[in-house]
Amino acid sequence: MQKNTFQVKLKLVLLFMFSLFFTSFNSSELYINSEDFIEFYQAEQIPVFKGCDEMLTRKEAVECFNKKMTNHVKRNFTYPEEALENRIQGRVDVTFIISESGLIKDIKAIATNEKEYEKKILETEATRIVSLLPKFIPGKHQGKIVNIKYGLPITFKMM
């Protein structure tokens, strides 16, 4: 079972990377009741992972952010045992706020599965992964430190 779990994990990570860079979703479906925030793509200066603070351009900062986000998911992802046993797969759209203090808050996860118990399993794992994100250097917009809303699709698929 250990080897099989590793293979599933590796394939999921590769699928996640594809999903992170080439998939988008309408984050308005995941309403966050929070103070004012700026969407990630609109922020003049995006939140920064430690180690990405030397990036000179927005493009470099976004590339570094995506790389660090992918690495975070790889390191922290565990395919839920119950999902493996029941062959549960699906996509979870996660939104959250990177706050003015650089902390993660208001995590919302919505799985596309029809069965509620399947949704719960996948949403719980996606929320756990996001809750483990490190403190960020906060984003800025119009010269002020602001809350930034970010959306992350995570696909759970066994191959």
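1. In this predicted model, the protein chain exposes about 9200 Å², and carbon and sulfur atoms supply 52% of that area. Of its 159 residues, 45% count as buried.

2. The protein chain holds 4 helices and 6 strands, arranged along the sequence as α-β-α-α-β-β-α-β-β-β. Among contacts between residues at least 6 apart in sequence, 76% join residues at least 24 apart.

3. The whole structure contains 4 salt bridges. One of them pairs the side chains of K149 and E39, at 4.0 Å from N to O. K149 belongs to strand β6 (residues 148-156) and E39 to strand β1 (residues 38-39), so this pair ties together parts that are 110 residues apart in sequence. K149 is buried, with a relative accessible area of 6%; E39 is also buried, at 18%, where the cut-off for buried is under 20%.

4. A salt bridge also links D93 and R91, whose closest N and O atoms are 2.8 Å apart. D93 is buried, with a relative accessible area of 9%.

5. K119 and E116 form another salt bridge, with the closest N and O atoms 3.7 Å apart. Both residues lie in helix α4 (residues 116-131), 3 residues apart, and so are separated by about one helical turn. E116 is exposed, with a relative accessible area of 58%.

6. The second largest pocket has a volume of about 220 Å³. Its lining comprises 13 residues, and Q45, I46, V48, M55 and A61 are those nearest the centre of the pocket. By class, the lining of this pocket divides into 7 nonpolar, 2 polar and 4 charged residues.

Conventions:
Residues numbered from 1 in each chain as written. Predicted model: local features only at pLDDT ≥ 70, side-chain atom pairs only at ≥ 80, totals over all residues. Heavy atoms only, no water. 1 Å grid on protein atoms, 1.4 Å probe; cavity = no way out; pocket = protein on both sides within 12 Å on 5 of 7 lines; lining within 4 Å. Points joined across faces, edges and corners; volume = space filled by probe spheres on them. Nonpolar A, V, L, I, M, F, W, Y, C, P; charged D, E, K, R; others polar. Helix = DSSP H or I, 4+ residues; strand = E, 2+ residues; numbered from the N terminus. Buried < 20%, exposed > 50% of the residue type's maximum accessible area, 1.4 Å probe, protein only. Contact = heavy atoms within 4.5 Å. Areas by Shrake-Rupley, 256 points an atom, 1.4 Å probe, with all protein chains shown as cover.
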